[in-house]
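Thanks for coming. I have one structure to go through, and I will keep to a few residues and what was computed for them.

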Amino acid sequence: MQVQSLFITATGTNVGKTHTTLKLIEAFASKGLAVGVYKPIETGVIDTAPDANILLKVCRKVNKNFKNLTPQDITAYTFPLPAAPFCAATRQTIEIDKIIEKYHELSQLCDILLVEGAGGLMVPITKDFMMIDLAKKLGSKVLLVTPSRLGCINDTLLSQEALNSRNIEFDWCVNLFEDSESFSEVTKPFYDEVFEGWWSVEGGLDEYITQITL
């Protein structure tokens with residue numbers, strides 16, 4: 001097993017990070033691996049963190065070490081305001097070391113830890129530390145999830161540029177959801193021409209898992 005952690009990010013919010021992470025949990029578990037999940041920061045939380053809750057429910061089914069954990073146990077910070085962490089943390093209380101410490105704690109409970117980011121790569125955690133910086137600091141392999149809606153080529157290329165600028169190793173895939181009927185005409189031709197072997201969450205996840213777990 002070469003990959004100990006995978007950081008799931010996206011070109012922006014509501015692209016499909018949680019959807020993809022849920023599928024990854026099941027796919028890694030099908031390979032006989034004990035999968036863990038971590039949602040470092042979740043905003044828009046009133047009572048229970050919704051993304052952390054659904055991730056944990058699925059994770060509990062495949063990893064006994066997570067059965068007694070709560071959504072609070074797999075998050076470092078939650079905030080009620082649905083905004084970027086820097087804005088949601090109105091008292092500026094976020095400590096990066098706490099996020100890293102929780103990451104190491106959860107890593108001890110699994111073969112591979114799936115870390116789901118918040119929003120896109122350039123979402124600010126503090127005034128000078130972005131979500132992309134967290135991925136870099138954790139040393140995780142990164143999976144960039146991109147949308148299928150009109151305009152996604154620009155979003156995809158900008159996110160790839162950001163990752164390359166920080167020398168972060170990454171793979172990327174398309175979540176075929178919005179504008180999926182027109183995707184083959186308005187977006188797919190460019191991807192086919194420029195990116196050999198690009199794949200979608202719906203069609204290439206199993207092969208991806210096989211490649212990174214060899």
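**A loop, the cysteines and a patch**

Start with T90, which sits in the loop that runs between helix 3 (85-88) and helix 4 (96-107). Before going on, note that this is a predicted model.

Is T90 buried or exposed? T90 has a relative accessibility of 64%, so T90 counts as exposed, the cut-off for that being over 50%. For a sense of distance, take T90 together with V201: the two are 111 residues apart along the chain, and their C-alpha atoms are separated by 35 Å.

Next, the cysteines. How many disulfides does a search of the whole structure find? The search finds 0. Take C110, which is in no disulfide. The nearest cysteine sulfur to C110 is that of C59, and C59's sulfur is 7.4 Å away. A disulfide would need the two sulfur atoms within 2.5 Å.

C87 has a relative accessible area of 44%, so C87 is partly exposed.

Last, the surface. Which residues make the nonpolar surface patch of about 220 Å²? They are L157, F190 and V194. Of these, V194 lies in helix 8, which covers residues 188-194.

Notes: Residues are numbered from 1 along each chain as its sequence is written. This is a predicted model: local features need pLDDT of at least 70, side-chain atom pairs count only at pLDDT 80 or more; totals for chains, interfaces and linings use all residues. Side-chain values use heavy atoms; hydrogens and water are left out. Buried means under 20% relative accessible area, exposed over 50%, partly exposed in between (1.4 Å probe, protein chains only). Helices (H or I, at least four residues) and strands (E, at least two) are DSSP runs, numbered from the N terminus. Patches are made of residues with over 30% relative accessible area and no salt bridge: like charges are joined within 9 Å, nonpolar side chains (Val, Leu, Ile, Met, Phe, Trp, Tyr) within 5 Å. Accessible areas come from the Shrake-Rupley method with a 1.4 Å probe; for residues, only the protein chains shown count as cover. A salt bridge is a side-chain nitrogen of Lys or Arg within 4 Å of a carboxyl oxygen of Asp or Glu.
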